[in-house]
Amino acid sequence: MAGVLDSVNQRTQLVGQNRLELLLFTLKGEQTYGINVFKVKEVLQCPPLNEIPNRHPVVRGVAHIRGGTIAVMDMNLSIGRGPLDDIEKCFVIITEYNRSTQGFLVGSVERIININWESIHPPPKGVGKENYLTAVTQIENQMVEIIDVEKILAEVSPLSEEISSGVIEDGIGEKVIQKHILIVDDSMIARKQIQRVVEQMGIKTTLRKDGREALEYLESLVSEGKDVAEELILIISDIEMPEMDGYTFTAEIRANPALASLFIVLHTSLSGVFNEAMVKKVGADSFVAKFHPDDLARLVNDRVLQMTGESLLEENEE
């Protein structure tokens, strides 16, 4: 166990190889779950928790860690099951999602495994829209379920999807009325969040759930004889996706002459480890950290003005 706890911070440097490292954990029973090590800041034995008034039912309390106060959510409650027992024997996985830090209470933490994204698959058909799985994989003949943490956070602490006044130019959608934006994300919640922001701008969207599905869609447009660069304003893609991650998806686009000129934005919650240098390394044009409607809308706005040959909006309407 000490090896798992000590190695988390040392093992978040894996990028651009269509691979990821999963931290495996359990809740109640023998089912194993996984979370991307990139999202994990720390793992520790559950500290004393202080209850807070009017808290969401899945929040077991707040903990004082490293000089800060962090809400600790019961992962088992978060996915619609009963609360974890004997929390003083449980562990807390401290994560960073969408520019915020939170803790997830789990029963036990097992180990870290290195795996190819091609071995990560979408949830089986038939599990329904109310499930909390974003992907599954097989480890040593055991099914590992990867939980859609973004869905949990959207339910516990919903984010505003409204674009602030003055961020986008009036009538921006009318400038690209025949074009659309391709949104690629394995989380249904994340796809819908991006879609609602873009559609507020009057721009059409096309949704795909992973890099492989999106690449097949783009290749189908090429096979139909369409100029994809004329069809698409830009692509907004997550990085962490089953079948084909955002890095590999970007590389495949750049390797195809018919697609290479497409404008690619990586929309990632990996804000703690991602930067402009990484954008260039993987061949993307830009990135924006999840999830801030104004930042996303501003990027789309400026891309449309760039495409139409108009000057960009002055910052802050100066």
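Axes here are lines fitted to C-alpha atoms, for helices over the stretch in contact, and angles run from 0 to 180 degrees between N-to-C directions. Helices (H or I, at least four residues) and strands (E, at least two) are DSSP runs, numbered from the N terminus. This is a predicted model, where local features need pLDDT of at least 70 and side-chain atom pairs count only at pLDDT 80 or more, while totals for chains, interfaces and linings use all residues. Residues are numbered from 1 along each chain as its sequence is written, and side-chain values use heavy atoms, with hydrogens and water left out.

pLDDT is the predictor's confidence in each residue, from 0 to 100. The protein averages 86 on that scale, and 87% of the residues score at least 70. Over residues 1-14 the pLDDT is below 50, and that stretch has 27 contacts (heavy atoms within 4.5 Å) in the model beyond near neighbours in sequence. Residues 311-318 also stay under 50, with eleven contacts beyond four places in sequence.

Now for the sheets. Strands of a sheet pair through backbone hydrogen bonds, either parallel or antiparallel. Two strands count as paired if DSSP finds at least two bridges between them. Start with the open sheet of five strands in the order β3-β6-β7-β5-β4, whose pairing is mixed. At its edges stand β3 (40-45) and β4 (59-65), each with a single partner strand, so one side of each has no neighbour in the sheet. Direction ignored, neighbouring strands here are turned by 30° against each other on average. Inside this sheet, β6 (residues 91-97) and β7 (residues 100-106) run antiparallel and are joined by seven bridges; Thr95, for instance, has Gln102 in β7 as its bridge partner. Helix α3 (residues 149-156) packs on the sheet, touching β4, β5 (68-74), β6 and β7, and its direction makes about 105° with that of β7.

Glu150, Lys151 and Ala154 of α3 make the contact with Ile189, Ala190 and Gln193 of α4.

The other open sheet also has five strands, in the order β12-β11-β13-β14-β15, and here the pairing is parallel. The twist averages 25° from one strand to the next. Five bridges link β11 (residues 180-184) to β12 in the parallel sense, and Ile181 has Thr205 in β12 as its bridge partner.

Helices lie on this sheet too. α7 lies across β11, β13 (232-237) and β14 (264-268), running at about 180° to β14. Helix α9 (residues 293-307) touches β11, β13, β14 and β15, and its direction makes about 150° with that of β13.

Finally, follow α7 (residues 246-255) to its neighbour α5 (residues 211-223): their axes come within 9 Å and cross at roughly 20°, so the two are roughly parallel to each other. Gly211, Ala214, Leu215 and Leu218 in α5 meet Phe249, Glu252 and Ile253 in α7.

How values were computed. Parallel < 35°, antiparallel > 145°, perpendicular 65-115°, else oblique.
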